[in-house]
Amino acid sequence: MSLPDNSTVLIVGAGPAGLTAALSLIHHGCRDLVIVDATVEGQNVSRAITIHSATVEALASIDAADGLLSRAIKGKSIRITSRDSQIFEAKFDPLKNHSAYPYAVFVPQNVTELVLGQKLQSLGVQVQRPHRVIGMKQNEKDPRVTDVSFENGQVIRARYVIGADGARSTIRTISGIEFSDPDGQDLGDHILAQMVAADVTFEPEPVGPLTIEGHLNGTFSSGSFFMLTPFGNHFNDELTRDGKPITKSIFRVGCAIPVKNGEPPHAPPKEYIQDLVDTYGPMCITSDISLNPTPIKIDQLVWSTRFRTHSAIADRTFTRLGAAIFLVGDAAHIHSPAGGQGMNLAMRDAIFLSEAITKHIQASAENPDVDDSILQEFADARHARASEIIGYSKNLLKLASLTYDTYAWWMPFSWASVRDLVLRILGRFDFVQSRVAWGMSGLGRR
């Protein structure tokens, strides 16, 4: 499809961040925008699944929350367990004292993108596909405009460019923005440096507290951390691939892969995922009869992937190349999935950025020589927030990576055992549960 020659705002990337940016711009009165994506269609994969309270609030502020809430599972708590017993539970209910949305919602990323895309389309804006950016340069006639060129030869002249094009961002690369770990750390040999995620069904379908919808379950085991989130039948149609119908309940599983086990396959097969479940998962879903009197096996592997848990942040999220160039989402920052903060930070970035852009557009209409202070203030605030989130996720990762190896022969305990004991004790106090839920929710770091 042919692109327009000019646009006030060009959004590159139509994932959650890009779609949210477009919705927020329209909400704030800017309709002269184009949103493009390099892929032929949105990805039909699950990926991120958690939207926290602060993000639901932000989406509601631009009238974009209702569609997601009608499709999502409302989360009641996050549980931490050993393979056979509960260690700690953080219930979201206390958040009702701070928000009209006192819960997390669980919804696969492709469903999030579908709902946001439908909302955008209802407002008269269509994602333009496939259009891959290959270059940007300052316009020769207007120093506040950038000529953005595409692989198919088309060019758009834009005054604002939002790079929401992922961790390998073309916009970031062309803009000459560095991307590295703020602490200069290389987690290549970290115990939780690599992870696998999959959507699966089981036969027979498992039962027990950890299989009830509305809870995200994390299991500590020796050398790994395993996650289990029940989807029920809520997303069977959206997660169906290759025309294979799914009739059973779907579960999201995720597992840290010890470095000593080698690199996981690119798209881990069912046998690989089954081995992870049997080795590191809660006993109620294992096929090992010595651990589970009713052995459970993976029936259908719906989707699987591998990824690394390293952190990085752009050295700046706003620059000029003629137009004002911004980075949001994974283009601006990446970190481990601990705490489920990545997509949430991306969507809040996009909402707040769009508000700053519309303010700058209005100020420019009144004074063509207006400076960039509005935009720089936004960029500085969001860069600081991203650095804070990276630190938060690293701390959670360190907590999860403690091992059950004995500290010393003369001190027969492990740091992981101490962690579990402390969590069991602290978990008895409501204020501790509330504090953990508050930290996860994002309400204190919007």
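**Notebook: cavity, patch and salt bridges**

I began with the lining of the largest cavity, where I noted four nonpolar, two polar and two charged residues. In that count, Ala, Val, Leu, Ile, Met, Phe, Trp, Tyr, Cys and Pro are nonpolar, Asp, Glu, Lys and Arg are charged, and the others, Gly among them, are polar. I keep in mind that this is a predicted model, in which local features need pLDDT of at least 70 and side-chain atom pairs count only at pLDDT 80 or more, while totals for chains, interfaces and linings use all residues. Residues are numbered from 1 along each chain as its sequence is written, and side-chain values use heavy atoms, with hydrogens and water left out.

**Cavity**

I looked up the cavities and found one of 30 Å³ or more, with about 50 Å³ of space in the largest cavity. A cavity here is a set of points, on a 1 Å grid over the protein atoms alone, where a 1.4 Å probe fits but cannot get out, and a lining residue has an atom within 4 Å of a point. The volume is the space filled by probe spheres set on the points, which are joined across faces, edges and corners. Among the lining residues I marked Thr-317, His-333, Asp-349 and Arg-382.

**Nonpolar patch**

Next I traced a nonpolar surface patch of about 1200 Å², whose members include Tyr-407, Trp-409, Trp-415, Ile-425 and Phe-431. Such a patch takes residues with over 30% relative accessible area and no salt bridge, and joins nonpolar side chains (Val, Leu, Ile, Met, Phe, Trp, Tyr) within 5 Å; the areas come from the Shrake-Rupley method with a 1.4 Å probe, and for residues only the protein chains shown count as cover. Helix H10 (residues 415-426) gives the largest share of the patch, six residues, where a helix is a DSSP run of H or I with at least four residues, a strand a run of E with at least two, and both are numbered from the N terminus. I noted Ile-425 in helix H10 as partly exposed, because its relative accessibility is 40%, and the class lies between buried (under 20%) and exposed (over 50%), with a 1.4 Å probe and protein chains only.

**Backbone**

I found a cis peptide bond from Arg-129 to Pro-130, with omega near -25°, and placed Pro-130 in the loop between helix H4 (109-122) and strand S8 (133-138). A cis bond also runs from Glu-203 to Pro-204, with omega near -10°.

**Salt bridges**

How many salt bridges are there by this rule? I read a count of 20, each being a side-chain nitrogen of Lys or Arg within 4 Å of a carboxyl oxygen of Asp or Glu.

I then checked the salt bridge between Lys-394 and Asp-181, at 2.8 Å from N to O. Lys-394 lies in helix H9 (residues 373-400) and Asp-181 in the loop between strand S11 (179-180) and S12, so the pair ties together parts 213 residues apart in sequence. Lys-394 counts as buried at 8% relative accessibility, and Asp-181 is buried at 12%.

Asp-199 and Arg-252 also meet in a salt bridge, at 2.9 Å from N to O. This pair links distant parts of the chain, with Asp-199 in strand S12 and Arg-252 in strand S15 (residues 250-256), 53 residues apart. Are these two buried or exposed? Asp-199 is buried at 0%, and Arg-252 is buried at 9%.

How values were computed: 1 Å grid on protein atoms, 1.4 Å probe; cavity = no way out; pocket = protein on both sides within 12 Å on 5 of 7 lines; lining within 4 Å. Patch = residues over 30% accessible without salt bridge, like charges linked within 9 Å, V, L, I, M, F, W, Y side chains within 5 Å.
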